[in-house]
Amino acid sequence: MNLVGNALKFTPIGGTVTVALTADADAVEAAVVDTGPGIPPSEIPLLFERFSQGNAAKAVRAAGTGLGLLICRHLVEAHGGRIRVESEPGHGARFMFRLPRTGSSRDNGAAPSGAGGTDPGPR
């Protein structure tokens, strides 16, 4: 929600915010893409640090605490994932996080439901 909220905050009226989810056998990835002002390369390494806000944040309608992206990073990393950003000034930003798939049938050794065959019952 923080990534979507930030994208909405930084995207001008008439701009676009897109949320996409993809999955493969190992992970699920979410991407939030906006058509806002973009982020200068010098500010990108600081975005996920405590109380850090880029210069664009200071000029936007709603101020923040500078903790949102740090919290996002901690939550994603706590689940074994990784968060990153791609941006170019004047061309919006793309925030992505990737989380490993857990709780699937391959994690506990059980056959996936609908995997074919029948359950022979207890042995």
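## Close-up views of strands and salt bridges

**View 1. Ala30 and Phe97 face each other as bridge partners, Phe97 being in β4.** The model is predicted.

View 2. Strand β3 spans residues 82–87. Six bridges link β3 to β4, and this pair is antiparallel. Look for Ser87: its bridge partner in β4 is Ala93.

**View 3. Gly90 sits in the hairpin of β3 and β4.** Five residues lie between the two strands. Gly90 takes a positive phi near 85°.

**View 4. Asp24 and Arg98 form a salt bridge.** Their closest N and O atoms are 2.8 Å apart. Asp24 lies in the loop between β1 (17–23) and β2, while Arg98 belongs to strand β4, so the pair ties together parts that are 74 residues apart in sequence. Asp24 is partly exposed, with a relative accessible area of 33%. Arg98 is partly exposed too, at 32%. A search of the whole structure finds four salt bridges.

**View 5. Glu49 meets Arg73 in a salt bridge.** The N to O distance is 3.7 Å. Glu49 lies in the loop between β2 and α2 (55–58), and Arg73 lies in helix α3 (residues 68–78), so this pair ties together parts that are 24 residues apart in sequence. Is each residue buried or exposed, or partly exposed? Glu49 has 39% relative accessibility and counts as partly exposed. Arg73 has 19%, so Arg73 counts as buried, because the cut-off for buried is under 20%.

**View 6. Arg73 also forms a salt bridge with Glu77.** The closest N and O atoms are 3.7 Å apart. Both residues are in helix α3. They are four residues apart, so about one helical turn separates them. Glu77 is partly exposed, at 44% relative accessibility.

**View 7. A network of salt bridges links Glu49, Arg73 and Glu77.** Which residue bonds with Glu49 in a salt bridge? Arg73 does. Arg73 forms a salt bridge with Glu77 as well.

Terms used: Residues are numbered from 1 along each chain as its sequence is written. This is a predicted model: local features need pLDDT of at least 70, side-chain atom pairs count only at pLDDT 80 or more; totals for chains, interfaces and linings use all residues. Side-chain values use heavy atoms; hydrogens and water are left out. Two strands pair if DSSP finds at least two bridges between them. A salt bridge is a side-chain nitrogen of Lys or Arg within 4 Å of a carboxyl oxygen of Asp or Glu. Buried means under 20% relative accessible area, exposed over 50%, partly exposed in between (1.4 Å probe, protein chains only).
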